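Please keep the model open beside the text while going through the points.

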Amino acid sequence: FFRVQLQPAIQYIHKMISVLLAAYMVASAAFFVACGWAQVNDPNPMLWVSTYVFCGATLNFLVLYAAKRQRRGDTLASGQLYCPEFRVVNRLTLGCLACLVAYTAALVHLTWSQYAAEFWATLGRFPSALPALPALGWTLLELEEGREIVGLLLLIYHVAILARVLQNNAITGRKRRTSDTVDAMNKLPQASHVVGVSSVMAAPALLAVAVAVYAWVYYQPLMNQRMDVPHCNGAFAASSQTPALESDEL
């Protein structure tokens with residue numbers, strides 16, 4: 001009885017969650033494409049441009065397409081739980097997540113090995129670790145490698161959200177194809193839980209994108225002031241005579 005009475009409210013909540021996820025998909029795709037564009041003058045542009053554009057934007061549309069096909073279930077053979085498109089995109093998403101985590105870990109290790117003394121010196125200026133966190137974060141952002149690490153962490157969180165969206169649609173698709181009504185109703189809390197997790201993850205991600213854009217626009221010149229990396233100031237890595245780009249690295 002209560003489930004029937006609450007059904008309009010549940011449908012409204014799910015609609016708002018869908019709107020939030022759609023807004024995040026659009027905003028994140030635009031942000032990561034901009035990040036990719038900012039890397040065209042990097043010494044290794046293919047790696048960074050392809051990573052940002054594929055994992056941050058192209059994968060969004062692949063996930064949405066696979067989720068739609070999984071919900072419809074019209075390409076499923078008898079007895080199958082997942083459509084072919086869903087299986088391919090799901091494996092691709094998990095593969096991208098694993099590669100991003102591995103590369104970020106390697107970059108963190110390399111950065112720490114090169115700048116450990118500087119990080120410890122920053123921590124040593126404060127009586128405890130908590131007040132030192134803002135200064136330590138700024139020290140990291142002053143390094144080109146530090147800004148790359150931040151960009152990769154945003155990508156990792158983004159791809160984790162996409163993996164959650166796929167998981168939600170896998171549960172929803174299975175529920176929709178269940179012939180037993182009682183069994184389908186029993187699956188509803190699990191599906192709702194995963195939808196809730198996706199929305200909870202998307203909300204701080206939208207905030208993180210907004211903060212990153214603000215820091216990029218207003219503080220990037222200050223971040224690069226100490227190290228003065230030429231291509232971070234707009235010069236192309238291959239030629240300093242090339243006109244500067246207006247965009248830059250995160």
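Predicted model: local features only at pLDDT ≥ 70, side-chain atom pairs only at ≥ 80, totals over all residues.

1. Residues are numbered from 1 along each chain as its sequence is written, and side-chain values use heavy atoms, with hydrogens and water left out.

2. The chain contains six helices and zero strands, and its pattern along the sequence reads α-α-α-α-α-α. Of its 250 residues, 38% count as buried, where buried means under 20% relative accessible area, exposed means over 50%, and partly exposed lies in between (1.4 Å probe, protein chains only).

3. How far apart are the end C-alpha atoms of α2? They are 39 Å apart, which agrees with the 40 Å that its 28 residues should span at 1.5 Å a residue, the expected span being 1.5 Å times one less than the number of residues.

4. The axes of α2 and α3 come within 9 Å and cross at roughly 150° (axes are lines fitted to C-alpha atoms, for helices over the stretch in contact, and angles run from 0 to 180 degrees between N-to-C directions). The two helices are therefore roughly antiparallel to each other, a label for angles over 145 degrees, whereas under 35 counts as roughly parallel, 65 to 115 as roughly perpendicular and the rest as oblique. α2 passes α3 in a left-handed crossing, meaning that the near helix is turned anticlockwise from the far one by less than a right angle, with clockwise being right-handed.

5. Helix α4 (residues 129-141) packs with α3 at an angle of about 155°, the axes being 9 Å apart. That makes α3 roughly antiparallel to α4, and the crossing of this pair is right-handed.

6. E85 forms a salt bridge with R69, their closest N and O atoms being 3.5 Å apart (the rule asks for a side-chain nitrogen of Lys or Arg within 4 Å of a carboxyl oxygen of Asp or Glu). E85 lies in α3 (residues 84-124) and R69 in α2 (residues 45-72), so the pair ties together parts that are 16 residues apart in sequence. R69 is buried, with a relative accessible area of 17%.

Notes. Helix = DSSP H or I, 4+ residues; strand = E, 2+ residues; numbered from the N terminus.
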